[in-house]
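Thanks for coming; I have one model to go through this morning. Please take a moment with the sequence and the structure before I start.

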Amino acid sequence: MSELNLILLGPPGSGKGTQGERLQADFRLPYYATGDILRAAVRDRSKLGREAKQYMDRGDLVPDEVIIGLIAERVERSEAADGFILDGFPRTTAQAEALEAEMAELGRRLTAAILIDVSDEEVVRRLSGRRTCAKEGHVFHVEFDPPKNEGVCDVCGSKLVVRDDDKPEVIRHRLEQYREKTEPLISHFEQRGILRRIEGESPPEEVGDRIRAMLATLKMEEEL
Ligand SMILES: [Zn+2]
């Protein structure tokens, strides 16, 4: 039985979340966004969840081994027997190696790291078009989801503003940090021979079709 144990990579604004949801539906694989896993564990007060909470309460980063433990718990569930989609982890080469070691202990391995490739210019274009209403935080996009009247919130009628996070210079800074951290991770997966680059600037449907075609090929190769 072949498994699809997948990692999704891509800069903010690459449409990773959208593609993750599609993959989940198309291949019936569970989608593990690490932020959600962490929050769920804290809420459920599992052993690892309580441990994670101690770090979070102190304002510290949750250590890799706790997060990997949480991921391993999920991977061992029957829902993930045919594979899973992991989003938000690993973020560093050390985390990737720790995850690979844990997977090996479970008798499994990562099938592919899917990188949704989007240029910085495109990310800035996508993210800087966001407009948020000053009063209640309703979100619009000048290009993809424009309000009926420019600069005015459709829902509550208050003024639309560009949040600090959505200013081009702030987005560029976030991108720089992302590239700095992620480049080594990309080379790591490349060396492992599991990196799959997907051109991510086309419409989401096309990007999704490309990922699906790539995975179908991969699954066929695995079954040979
Ligand atoms: Zn509003």
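**The parallel sheet**

Let me begin at Ile 114, which stands opposite Arg 196 in β8. Before going further: this is a predicted model, in which local features need pLDDT of at least 70 and side-chain atom pairs count only at pLDDT 80 or more, while totals for chains, interfaces and linings use all residues. Residues are numbered from 1 along each chain as its sequence is written, and side-chain values use heavy atoms, with hydrogens and water left out.

Some terms. Helices (H or I, at least four residues) and strands (E, at least two) are DSSP runs, numbered from the N terminus. Two strands pair if DSSP finds at least two bridges between them.

β4 and β8 pair in the parallel sense, over 5 bridges. They belong to an open sheet of 5 strands with parallel pairing, in the order β2-β3-β1-β4-β8. The edges are β2 (31-33) and β8 (195-199); each has a single partner strand, so one side of each is left without a neighbour in the sheet. On average, and ignoring direction, neighbouring strands here are turned by 25 degrees against each other. For such angles, axes are lines fitted to C-alpha atoms, for helices over the stretch in contact, and the angles run from 0 to 180 degrees between N-to-C directions.

Now β1. Strand β1 (residues 4-9) is joined to strand β4 (residues 112-117) by 4 bridges, and the two run parallel. Along that pairing, Ile 7 stands opposite Ala 113, Leu 8 has Ile 114 as its bridge partner, and Leu 9 has Leu 115. β1 also pairs with β3 in the parallel sense, over 5 bridges, and there the bridge partner of Leu 8 is Asp 87.

How many of the residues of β1 are buried? 6 of its 6 are, where buried means under 20% relative accessible area, exposed over 50%, and partly exposed in between (1.4 Å probe, protein chains only). Leu 4, Leu 6 and Leu 8 point one way from β1, while Asn 5, Ile 7 and Leu 9 point the other way. β4 is mostly covered as well, with 5 of its 6 residues buried.

**Helices and cores**

Helix α1 (residues 16-27) lies across β1, β2, β3 (83-87) and β4, at about 165 degrees to β1. Helix α8 (residues 204-223) also packs on the sheet, where it touches β1, β4 and β8, and its direction makes about 155 degrees with that of β8. Contact here means heavy atoms within 4.5 Å.

A nonpolar core is a set of buried Ala, Val, Leu, Ile, Met, Phe, Trp, Tyr and Cys residues joined through side-chain atoms within 4.5 Å. The largest one has 32 residues, and those touching the most other members are Ile 7, Leu 9, Phe 84, Leu 99, Leu 110 and Phe 189. Among the elements giving two or more residues to this core are β1, β3, β4 and α7 (168-192). α4 gives the most, with 6 residues.

Take Leu 99 as an example. Leaving aside neighbours within four places in sequence, Leu 99 is in contact with Ile 7, Ile 68, Ile 71, Leu 86, Phe 89, Pro 90 and Leu 110. Apart from this core lies another, of 21 residues, including Ala 112, Ile 114, Ile 116 and Ile 198.

**The zinc site**

Which residues coordinate the zinc ion? They are Cys 133 (SG), His 138 (ND1), Cys 153 (SG) and Cys 156 (SG), at 2.1 to 2.3 Å. Donors are N, O and S atoms within 2.8 Å of the metal (3.2 Å for Na, K and Ca); water is not among the atoms, so sites may look incomplete. Along the chain the donors follow the spacing C-x4-H-x14-C-x2-C. Cys 133 in strand β5 and Cys 153 in the loop between β6 and β7 are 20 residues apart, a pair that links distant parts of the chain. Cys 133 counts as buried at 3% relative accessibility, and Cys 153 counts as buried at 3% too.

Around the site, strand β5 (residues 130-133) is joined by 3 bridges to strand β6 (residues 139-141), and the two run antiparallel. They form a hairpin with 5 residues between them, and Gly 137 in the turn has a positive phi of about 75 degrees. β5 is also joined by 2 bridges to strand β7 (residues 160-161), again antiparallel, with Leu 160 as the bridge partner of Cys 133.
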